[in-house]
Amino acid sequence: MFVLPTFAFGVVGSPTSVFNSSLTFPVVQVFDTELEFVTQTDAPNYTIVTAKDTDKFYIWTGSKWIMFNKN
């Protein structure tokens with residue numbers, strides 16, 4: 001199970017689907033592994049995600065994931 005941290009309001013409960021379109025910017029959805037989201041193509045535009053098994057942030061552009069190193 002994963003938890004969705006927010007920058008100002010504490011922790012948001014896990015959504016019922018992989019991506020929660022009701023979340024507003026800036027929210028980073030945190031997954032246990034990259035495999036939970038990296039093959040998904042139904043994320044709302046500009047969804048920001050990361051996983052516990054990686055040092056990258058991913059942003060969905062509407063057609064592909066753009067990857068950024070956290071370091």
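Me: How many helices and strands are there in the chain?
Reply: The chain contains six strands and zero helices; both are DSSP runs numbered from the N terminus, helices being H or I with at least four residues and strands E with at least two. Read along the sequence, the pattern is β-β-β-β-β-β. This is a predicted model, in which local features need pLDDT of at least 70, side-chain atom pairs count only at pLDDT 80 or more, and totals for chains, interfaces and linings use all residues. Residues are numbered from 1 along each chain as its sequence is written, and side-chain values use heavy atoms, with hydrogens and water left out.

Me: What pLDDT does the chain average?
Reply: The average is 76, and 66% of the residues score at least 70; pLDDT is the predictor's confidence in each residue, from 0 to 100. Over residues 4-16 the pLDDT is below 50, although this stretch has 26 contacts in the model beyond near neighbours in sequence. Contact here means heavy atoms within 4.5 Å. Where pLDDT is low, the predicted coordinates should not be read in detail.

Me: On to the sheet. In what order do the strands lie?
Reply: Four strands form an open sheet in the order β3-β4-β5-β6, with mixed pairing. Two strands count as paired if DSSP finds at least two bridges between them. The edge strands are β3 (28-31) and β6 (65-69), each of which pairs on one side only. On average, neighbouring strands of this sheet are turned by 30° against each other, direction ignored; the axes are lines fitted to C-alpha atoms (for helices over the stretch in contact), and angles run from 0 to 180 degrees between N-to-C directions.

Me: Do β3 and β4 run parallel or antiparallel?
Reply: They run parallel, and four bridges join β3 to β4 (residues 48-51). Val28 stands opposite Ile48 in β4, and Phe31 has Ala51 as its bridge partner there.

Me: And which way do the residues of β4 point?
Reply: Ile48 and Thr50 point one way, Val49 and Ala51 the other, and all are buried. Buried means under 20% relative accessible area, exposed over 50%, and partly exposed in between (1.4 Å probe, protein chains only). In a regular strand the side chains alternate between the two faces of the sheet. Across the chain, buried residues make up 31% of the 71 residues.

Me: How do β4 and β5 pair?
Reply: The pairing of β4 and β5 is antiparallel, over three bridges. Thr50 has Phe57 in β5 as its bridge partner. A hairpin joins the two strands through four residues.

Me: How many bridges join β5 to β6?
Reply: Five bridges join these antiparallel strands, and Trp60 has Trp65 in β6 as its bridge partner. Their hairpin has four residues between the strands, and Gly62 takes a positive phi near 110° in it.

Me: Changing topic: how many aromatic pairs does the structure hold?
Reply: The structure holds five. Rings of Phe, Tyr and Trp (its six-membered ring) pair if their centres lie within 6.5 Å; planes under 30 degrees apart count as stacked, over 60 as edge-to-face and the rest as tilted. Ring pairs link Phe31, Phe37, Tyr58, Trp60 and Trp65 into a cluster.

Me: Why is the pair of Tyr58 and Trp65 edge-to-face?
Reply: The pair is edge-to-face because the ring planes stand at 90°, with the centres 6.4 Å apart. Tyr58 is buried at 6% relative accessibility, and Trp65 is buried with a relative accessible area of 15%.

Me: Finally, with which residues is Ala43 in contact?
Reply: Leaving aside neighbours within four places in sequence, Ala43 is in contact with Phe19, Trp60 and Trp65. Ala43 is found in the loop between β3 and β4 and is buried, with a relative accessible area of 7%. Ala43 and Phe19 are 24 residues apart in sequence and 5.8 Å apart in space, C-alpha to C-alpha.
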